[in-house]
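Dear colleague,

I am handing over the structure that we spoke about, and below it you will find what was found in it. Please keep the model open beside the text while you read.

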Amino acid sequence: MSTTADPLAALGALPGVADSVDSVRKAVDRVYGHRVMRRRSHAVTSEAALRGARGSAALSGADWPLEEVRRRSDFSGAGGDEEARTVGAALRLTAEAGQLLSIWRQSPLRVLARLHLVAAADNGDTVGRPRQGGEPVDEPLVELPLPDAQEVAGRLEGLSGLIIAGGSAPALVAAAVVHGELLALRPFGSHNGLVARAAERIVLVGSGLDPKSICPAEVGHAEQGRADYLAALEGYVSGTPEGVAAWIAHCGRSVELGVRESTAVCEALQRGAA
């Protein structure tokens with residue numbers, strides 16, 4: 001991270017990042033200008049939430065068809081169905097994220113703890129707090145080197161400080177950094193990917209870029225594929241300007257693909273087909 005007074009804003013000056021920010025802003029403005037948004041925005045928001053949860057679950061290993069997610073009512077994982085548990089966790093996080101917007105800017109670590117509690121749906125003593133030294137992490141799809149508990153604590157405090165301080169960084173940059181840091185750190189014993197993507201959504205909505213939560217970046221992350229997602233994350237973890245810029249661009253493209261998804265929903269609603 002930069003040592004300037006506003007490190008996130010400094011990331012916005014990396015080559016290519018301004019173009020990504022501008023492209024995302026234009027795409028979001030277009031879907032918000034759709035005529036359906038004037039009278040049926042709640043329907044678009046609900047559908048975006050469902051599709052975003054499906055996309056996030058897919059990246060965590062539960063790649064279910066949308067209609068299966070829509071149809072199912074039991075996500076308890078009875079009989080050892082881990083995919084059902086993952087989809088259920090993604091759906092719960094999507095519903096919970098909207099309730100935490102007012103807390104995020106004052107206490108982001110409290111929000112992250114709450115997100116993990118909701119995702120894990122467990123009362124164990126490791127749930128809802130950053131892992132401690134020697135505690136394992138169940139995140140098999142992210143195979144990057146795992147920072148130790150002391151580094152995790154320090155970087156979480158640093159990230160929290162940046163969020164609370166605010167600044168002039170574009171929403172896309174802030175969301176990408178939150179997402180990237182949480183995946184790089186994997187601060188919890190489980191469900192880190194789901195929590196990281198829910199936190200990205202909170203930043204995009206709370207920043208005012210996507211106030212109605214109709215541009216599910218999770219859809220775009222899933223559409224670009226797990227391999228590209230992890231490759232972009234490796235760039236972020238490298239800490240090089242090129243790697244960090246590539247991760248931000250990847251997140252920007254994900255938002256644009258989420259916009260495309262919700263534009264299709266708007267068109268279907270306009271035709272009376274959804």
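**Around His179**

Not counting residues up to four places away in sequence, His179 touches Ala196, Arg197, Glu200, His221, Tyr229, Trp247 and Cys251, where contact means heavy atoms within 4.5 Å. Please keep in mind that this is a predicted model, in which local features need pLDDT of at least 70 and side-chain atom pairs count only at pLDDT 80 or more, while totals for chains, interfaces and linings use all residues. Residues are numbered from 1 along each chain as its sequence is written, and side-chain values use heavy atoms, with hydrogens and water left out.

His179 is found in helix α9; helices (H or I, at least four residues) and strands (E, at least two) are DSSP runs, numbered from the N terminus. Is His179 buried or exposed? His179 counts as buried because its relative accessibility is 0%, and the cut-offs are under 20% relative accessible area for buried, over 50% for exposed and in between for partly exposed, with a 1.4 Å probe and protein chains only. Between His179 and Ala264 there are 26 Å in space, C-alpha to C-alpha, and the two are 85 residues apart in sequence.

Helix α9 also holds Ala176, which is buried with a relative accessible area of 0%. Ala176 touches Trp247, Ile248 and Cys251, when residues up to four places away in sequence are not counted. Although Ala176 and Val244 are 68 residues apart in sequence, their C-alpha atoms are 9.2 Å apart in space.

**Helix α7 and what follows**

Helix α7 covers residues 108-120, and its 13 residues reach 18 Å from the first C-alpha to the last, which is close to the 18 Å expected at 1.5 Å a residue; the expected span is 1.5 Å times one less than the number of residues. Which residues of α7 are buried? They are Pro108, Val111, Leu112, Ala113, Leu115, His116, Val118, Ala119 and Ala120, and these buried residues pack against α5 (82-97), α6 (101-104), α8 (149-165), α9 (171-185) and α10 (192-206).

After α7 comes Ala121, whose phi is positive, near 50 degrees. Gly124 has its place in the loop between α7 and α8, and with a relative accessible area of 31% Gly124 is partly exposed. Gly124 and Leu112 are 12 residues apart in sequence, and from C-alpha to C-alpha they are 16 Å apart in space.

**Ser20 in helix α2**

Ser20 belongs to helix α2 (residues 17-32) and is buried, with a relative accessible area of 14%. If its neighbours within four places in sequence are left aside, Ser20 is in contact with Leu172 and Ala249.

**The protein as a whole**

The secondary structure comes to 13 helices and 0 strands. For 274 residues, a compact globule would have a radius of gyration near 19 Å, and the 18 Å of the protein agrees with this; the radius is taken over C-alpha atoms, and the globule rule is 2.2 Å times the number of residues to the power 0.38. The C-alpha atoms fill a box of roughly 55 × 50 × 35 Å, taken along the principal axes.

Buried residues make up 50% of the 274 residues. Of the contacts with a separation of 6 or more, 72% are accounted for by residues 24 or more positions apart.
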